[in-house]
Amino acid sequence: MNGILEAGTTTLAPARAHARHATSDAGCDAFVQDIYDRHGPMLVRYATRLLDGDWHKAEDILQETAARAWKHAPYLSTRGVHIRRWLFTVTRNLVIDHYRARRLRPLELVPVEDLDASWDSTDSTITSHAVLMALRELTEQQQTVIRLMYVLECGVAQTAAHLGIPAGTVKSRSYYAVRALRKALEKQGVLGE
C-alpha cells in the first residue's frame, strides 16, 4: 500500500469507526450511570465529610469524578471490583485540589447587588473620603490588614491564612493599624481628640 489507500477502504473505514464509536459511547454512558447508581450516594457523603458539610460542592466533585470515570471507562470497566477504590481516590484527590485552589485564589468579593446601599448620602461620602485619605497615611501592611478584616470582614484565622502569617501577628497588626487610622482621622478633624 505504501501510503496509498484503496478506493473501497475509504468509504468503509469511516462507517466502521462511527459504528464502533457509537457502541463504545453507549457502553460508557451505561458505565457512568452504573457509577451514579451504585456509588453516587456514598461518594457524595464521603466528599461532604471531607468538605466540612458543603453538600453542593460535594455534588460537583461527584460530577467531576464521574466525568473522569467516563474518560477512563474502557480501562475501568475491566477492573470490576477495584473501581470503588479508584472512585474514592479520585474523589479525595479532587477535594484536595479544591482546597489547594482556594488557598491560591484571592478572597471572594461580595457582589454589588448584595451591598447595602442605604448609606449613600453626602455625609457618608465625605466620611468615606476622609477614611480613604487616612488609610493612605498607613503602611501597606496596615492597609492590607484593615481591608481584609474590616472591609471584607475576614476573621483573624482567614486573614492569617491569606497573608501567610501567624494569627497573633494579624491581631497585633490590626491593633496598631486601627490605632494609626484613628490618629490619622483625628489629625483630619473627623474624630474628636
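**A side-chain contact and the salt bridges**

The backbone nitrogen of Thr139 sits 3.1 Å from a polar atom in the side chain of Gln142. That distance, like everything else here, comes from a predicted model. Gln142 itself belongs to helix H6. With a relative accessible area of 17%, Gln142 counts as buried, because the cut-off for that label is under 20%. And what does Gln142 touch once its neighbours within four places in sequence are set aside? The contacts are Tyr176, Ala177 and Ala180.

Next come the charged pairs. How many salt bridges turn up in this model? The count comes to 3.

One of them links Glu137 to Lys187, and here the closest N and O atoms are 3.2 Å apart. Glu137 is in the loop that runs between helix H5 (122-135) and helix H6 (140-151), while Lys187 is part of helix H8 (residues 167-188), so this pair ties together parts that lie 50 residues apart in sequence. As for how open the two partners are, Glu137 has a relative accessible area of 44% and is partly exposed. Lys187 comes out at 64%, and it counts as exposed because the cut-off for that label is over 50%.

Another salt bridge joins the side chains of Asp34 and Arg38, with 3.3 Å from N to O. Where do these two residues sit relative to each other? Both are found in helix H1 (residues 7-50), and because they are 4 residues apart there, about one helical turn separates them. Are the two partners buried or exposed? Asp34, at 32% relative accessibility, is partly exposed, whereas Arg38, at 58%, is exposed.

Then there is the salt bridge between the side chains of Arg68 and Glu64, where the N to O distance is 3.0 Å. Helix H2 (residues 55-71) holds both of these residues, and they are 4 residues apart, or about one turn of the helix. Arg68 has a relative accessible area of 34%, which makes it partly exposed. Glu64 also gets the partly exposed label, at 34% relative accessibility.

Put together, the picture goes like this. Asp34 and Arg38 pair up within helix H1, and Arg68 and Glu64 do so within helix H2. Glu137 and Lys187, on the other hand, bring a loop and helix H8 together.

Definitions and conventions
Residues numbered from 1 in each chain as written. Predicted model: local features only at pLDDT ≥ 70, side-chain atom pairs only at ≥ 80, totals over all residues. Heavy atoms only, no water. Salt bridge = Lys/Arg side-chain N within 4 Å of Asp/Glu carboxyl O. Buried < 20%, exposed > 50% of the residue type's maximum accessible area, 1.4 Å probe, protein only. Polar contact = N/O pair within 3.5 Å; in protein donor to acceptor, adjacent residues only side chain to side chain. Contact = heavy atoms within 4.5 Å.
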